[in-house]
Amino acid sequence: MIRQTARDRIAHDLTHRGVSAWLLAGAITAFYLALYYTEFFTGVAKAVGLDSKWTLYGLLYTLAVVTGGVFMIRRYRHNRYQVVRTSVVMAVQTTLAFSVPQILKMVHQPEYYFSYLWPLKLDYGTPGYLFHLPLGYILYSVVGSLILVPLAAALFGKRWYCSWICGCGGLANTAGEPFRHLSNKSSAAWKFEKFSIHTVLGVCLLLTGLLFATYGAGNRYPMLAKYTYEYQSWYGFIVVAMLSGIVGVGAYPIGGTRVWCRFFCPMAALLGLTQKVGRYRITVKDNMCISCGMCSKYCEMGIDVRSYAQANTSFTRASCVGCGLCAEVCPRGVLRLENVSRPAPQERLVQIAAAGR
Amino acid sequence: MRYVIIGNGVAGVTAAFAIRERLDDAAITVISAESDYFFSRTALMYAFMDRLTPRDLEPNERKVYDRQRIERVRGLVTDLDAGAHTLTLESGARIPYDRLLIAAGSRPNRPNWAGMDAVRDGLVNFVTLQDLEQCERLTKRGGRAVVAGGGLIGVELVECLHHHGMDVTFLVRDPWYWPAALGEAEGRMISEHIGRHGVSITHQEAIARVLTDAAGKVTGVVTESGKRLDCDLLGVTVGVHPATEWLSGVRTPPETGRGVVVDRAFRTSLPDVWAAGDCAEIRAEGRAPLVEQIWYSAKRQGEAAAKSMLGDGVAYAPPIFYNSSKFFEIEYTTVGSFRAAGSREFYARVLGKEVSVRIAEADGAVAGFNMLGSRWNHTVFERWIAERRPLAWCMDRLHQAQFDFEFGRQDLTDIRRQFAARRMEAAA
């Protein structure tokens with residue numbers, strides 16, 4: 001082993017599932033439990049002049065994204081894609097996901113987060129909530145969820161949302177950066193991912209359907225309303241509080257930054273299915289891979305990128321959020337994120353040659 | 001049918017998988033003295049830099065070997081009896097084969113500097129997993145290192161040692177870094193880049209004598225110009241040679257030259273014995289003997305040798321040469337050749353950036369591309385060389401070969417301006 005300084009050893013321990021990593025995971029989990037189930041942070045918020053613990057949480061979250069983003073941009077300043085993407089993530093977090101809703105609140109408008117859409121934000125696709133909003137907000141929600149989201153995913157891949165706009169992805173790709181390599185790369189994890197994320201999507205779609213049914217016919221069928229609201233509160237507890245908050249962020253130092261996004265987010269599931277039939281892909285340069293594994297190691301979604309690169313196969317995986325780090329860390333420049341409408345010229349030649357055989 | 005492969009590097013393991021793909025019932029055994037599982041040797045530096053674990057270097061999930069029924073044997077082969085179709089390991093175990101592939105790779109060159117005989121510790125190469133352990137043991141923040149040898153592995157080792165806070169002196173024998181592949185301007189750009197990182201890089205300087213203490217641990221070196229450099233670690237990266245030494249002691253050695261001599265179907269002089277990868281020397285009538293020692297050639301040869309072992313007619317001919325590397329932050333792509341008779345070159349460096357382009361033209365067609373500091377699709381260059389495109393034609397379409405990040409495409413205006421100015425000079 002290399003004789004390291006104390007600072008090196010602590011940094012290594014923290015980012016390689018050492019004792020300090022488990023302590024940090026515990027601390028984050030405790031923070032979320034306290035935030036959700038106690039009023040401790042209400043007191044803190046009041047003490048610093050904020051109206052609620054959620055505003056305090058939003059402020060802390062935004063600070064984490066901005067601080068991590070500055071670190072990220074410094075580190076990858078030679079890579080324009082990373083600089084542009086991180087700048088957008090930081091800008092969205094500070095405006096649409098934090099200051100804009102606060103301002104709306106001040107001018108007596110609904111506290112609306114334009115960067116969140118159904119099905120990630122269930123409320124925004126829920127009639128009981130949605131139909132109480134002014135018309136403009138309703139239109140934005142409906143057009144956003146049903147047209148903008150799938151259309152942009154088909155054109156640019158799910159990255160336009162998951163690693164450019166979304167706050168979950170924003171935190172992962174900024175403050176979470178030192179933990180990205182901890183994602184599980186095994187084929188077993190991939191199998192579980194396909195099962196779990198589509199299960200959550202199914203649960204979410206069913207719930208949305210039931211909420212609409214209740215909205216329309218809840219008066220006539222009180223049992224339907226009763227079970228639907230119970231279902232909704234369980235969804236809120238398990239999926240929103242536990243999986244997206246506590247597991248999603250608390251697991252950073254242990255399972256990497258995208259545990260929520262990869263295994264549970266219904267929005268990511270929907271975007272992923274669209275991405276599979278869209279234009280986005282990772283192009284692999286033929287016969288240039290040295291199988292080093294840097295791409296797989298630093299894939300936050302646990303995609304074994306190397307398995308495609310060493311087999312000379314350009315690919316689109318549903319889970320890929322297009323963070324672009326595989327292309328960044330590749331020492332031989334093998335990978336490139338692309339939106340392709342038709343095969344590259346050299347591929348067409350290969351196809352023609354193959355057809356002639 | 002029992003297929004046995006000596007060496008679990010990229011050539012050997014590629015061959016093993018290629019055989020399994022075609023033959024479901026064959027027994028396949030891969031023998032290695034170095035490691036239990038195939039790993040990416042080219043990524044050794046990332047393990048040293050703590051960006052990957054040794055386990056991360058393995059390109060396949062471990063269960064793949066069981067699923068593909070590829071038996072792995074750990075041991076050093078000490079005897080080959082082609083008459084009895086049997087290998088013997090150092091442990092005494094015997095391994096029979098029907099068809100044998102020697103893919104033993106290469107070994108680091110060991111220079112005959114004065115004082116080398118006394119060295120017991122402190123001298124490292126950077127080729128094997130065992131080398132990695134040695135390097136890690138000798139590395140300490142604030143320690144001093146000397147690395148001799150101005151090639152690809154040398155600069156990787158320098159980067160790793162520097163990463164761990166060692167005070168590194170890089171001794172390059174040549175007037176600029178890596179003249180075998182880089183022109184003077186390119187080599188100087190790389191040297192400056194390495195120097196800017198805080199590595200002390202010295203050209204036209206080589207080791208004359210290695211100094212050791214009473215226990216044989218390296219304490220320093222004396223250069224040919226008489227300079228004394230103290231060090232805790234001496235890295236020797238002066239190239240590799242095909243691993244053939246072990247064959248001199250076996251019962252039936254195959255013919256060897258620089259490497260294990262094979263024909264274009266990778267057949268050695270022994271019946272049912274093939275050789276491929278770094279250790280093979282391909283001889284064919286009318287062609288210069290060929291020893292290819294890079295990752296890509298090993299993978300290619302392993303695949304071709306497997307076909308030959310399966311009975312396909314194989315007449316291996318290397319494709320247009322290409323390679324890639326990275327010198328600290330500067331990425332490098334090379335395609336083709338700069339040695340063609342009567343070739344002319346265009347070289348341009350982007351003003352104020354560590355980005356350069358060098359293209360050779362011979363007989364009115366492009367012959368070679370040396371690209372530093374930005375990303376290129378080598379397959380486009382290969383096609384242009386194969387299609388014998390003129391230099392000016394390629395310059396007009398250079399953007400088609402770009403492979404930079406989105407939003408980060410290298411601006412070629414300055415390169416094209418320099419090319420136009422050069423052409424006008426030629427016209428006048």
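A polar contact is a pair of N or O atoms within 3.5 Å; within protein, one has to be able to donate a hydrogen and the other to accept it, and residues adjacent in sequence count only if both atoms are side-chain atoms. By that rule, 24 residue pairs (both at pLDDT 80 or more) are in polar contact across the interface of chain B and chain A. This is a predicted model, with local features needing pLDDT of at least 70 and side-chain atom pairs pLDDT 80 or more, while totals for chains, interfaces and linings use all residues. Residues are numbered from 1 along each chain as its sequence is written, chains are lettered from A and ligands numbered from 1 in the order written, and side-chain values use heavy atoms, leaving out hydrogens and water.

On to the rest of the interface. Here 48 residues of chain B touch 45 of chain A, contact meaning heavy atoms within 4.5 Å. About 4,000 Å² is buried between the two chains, 48% of it from carbon and sulfur atoms; that is accessible area (1.4 Å probe) lost on putting the two parts together, summed over both. There are four salt bridges between the chains, each a side-chain nitrogen of Lys or Arg within 4 Å of a carboxyl oxygen of Asp or Glu. Glu156(B) and Arg332(A) meet in a salt bridge, at 4.0 Å from N to O.

Away from that topic, chain B has an open antiparallel sheet of three strands, ordered β13-β14-β15; strands are DSSP runs (E, at least two residues) numbered from the N terminus, and two of them pair given at least two bridges. Strand β14 (218-223) pairs with β15 over three bridges, and Gly220(B) stands opposite Asp230(B).

Key: Helices (H or I, at least four residues) and strands (E, at least two) are DSSP runs, numbered from the N terminus.
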